[in-house]
Amino acid sequence: MESGNINMMCWLIPLLVGVICGILGYLLGKSNTKVIDNSDELKRCNDDNSRLRAQLEACKQQLITMPETKEVSSSLGATPMAAVPILVPFDAAAAKAAIGKTVKENDLKVVEGIGPKIEGLFHAEGIKTWKDLSETSVARCQEVLKGGGDRYKIHDPASWPMQAKMCYEGKWTELARWQDEHDHGKL
């Protein structure tokens, strides 16, 4: 045999074997591929998601309409026994000690940023207690101010519901500290 033919055979045989192996590998790989249909599982997950979202919304609505509650634990502290509404009595002495001035119950002027005229606007809208103000959204506070005219545009009620909640819950020391740390009740 000639050396040129032998040299060509050294190249041709591995090339043919490689092409044949590639074709066989492709065909074997394609025949083992299964199409997995997860549409039933996806539909079930979407249904569960919709159901859970509806439950979440129902819980949020229930929470909004529920009075504040506090769980009472058994004497062992193991499991909660019942839900009891929190009644926070107004303590004028504690308020005076923390704030540094005499405070009347449900006086909205204790909230930094609210003066007598703004208090009057809120009273006219039916917001007469700290609890009422603490449950009022900032957007609603803006509407009340807007109803008073242009001179109330400069006021920022972003912190008023939070401050009113501190008053309602009797957290006078926290309120005083917060008011000292913030400039005119602004967040």
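**Entry 1: Asn106**

I started at Asn106, which counts as partly exposed because its relative accessibility is 23%. The cut-off for buried is under 20%. I noted that this is a predicted model. Next I looked up the backbone of Asn106. Its phi is positive, about 60°, although Asn106 is not a glycine. I then placed Asn106 in the chain: it sits in the loop between α3 (92-99) and α4 (116-124).

**Entry 2: the whole chain**

I stepped back to the overall layout. I find eight helices and two strands in the protein chain. From the N terminus the order is α-α-β-β-α-α-α-α-α-α. The protein chain has 187 residues, and 19% of them are buried.

**Entry 3: helix α7**

Is α7 mostly covered or mostly open? I find it mostly covered, with seven of its nine residues buried. I listed the buried ones: Trp160, Pro161, Gln163, Ala164, Met166, Cys167 and Tyr168. What do they pack against? I traced their partners to α4, α5 (130-134), α6 (138-147) and α8. Just after α7 comes Gly170, with a positive phi of about 75°.

**Entry 4: α7 with α8**

I took the α8 partner next. Helix α7 covers residues 160-168 and helix α8 covers residues 172-181. Their axes come within 8 Å and cross at roughly 150°. Angles over 145 degrees count as roughly antiparallel, and α7 and α8 are therefore roughly antiparallel to each other. I logged the crossing of α7 past α8 as left-handed. From α7, the contact uses Met162, Gln163, Met166 and Cys167. From α8, it uses Trp172, Glu174, Leu175, Trp178 and Gln179. I sorted the contact of α7 with α8 by class: six residues are nonpolar, two are polar and one is charged.

I also checked the spacing along the helix. An α-helix has 3.6 residues a turn, so residues three or four places apart point the same way. Met162 and Met166 of α7 are both in the contact with α8.

**Entry 5: α3 with α8**

Which residues of α3 meet α8? I find Ala94, Ala95, Ala98 and Ile99. On the α8 side they meet Trp172, Thr173, Leu175, Ala176 and Gln179. I sorted the contact of α3 with α8 by class too: seven nonpolar, two polar and no charged residues. I then looked up the geometry. The axes of α3 and α8 are 8 Å apart, and the helices pack at an angle of about 25°. That angle makes α3 roughly parallel to α8. The crossing of α3 and α8 is right-handed.

I compared the two lists for α8. Trp172, Leu175 and Gln179 are among the α8 residues that contact α7, and Trp172, Leu175 and Gln179 are also among those that meet α3.

Last, I looked up a pair that is separated in sequence. Ala92 belongs to helix α3. Is Ala92 buried or partly exposed? Ala92 counts as partly exposed, because its relative accessibility is 37%. Ala92 and Gly170 are 78 residues apart in sequence. In space they are 9.5 Å apart, C-alpha to C-alpha.

How values were computed:
Residues numbered from 1 in each chain as written. Predicted model: local features only at pLDDT ≥ 70, side-chain atom pairs only at ≥ 80, totals over all residues. Heavy atoms only, no water. Helix = DSSP H or I, 4+ residues; strand = E, 2+ residues; numbered from the N terminus. Buried < 20%, exposed > 50% of the residue type's maximum accessible area, 1.4 Å probe, protein only. Axes fitted to C-alpha atoms, helices over the stretch in contact; angles between N-to-C directions. Parallel < 35°, antiparallel > 145°, perpendicular 65-115°, else oblique. Left-handed = near helix turned anticlockwise from the far one by under 90°. Contact = heavy atoms within 4.5 Å. Nonpolar A, V, L, I, M, F, W, Y, C, P; charged D, E, K, R; others polar.
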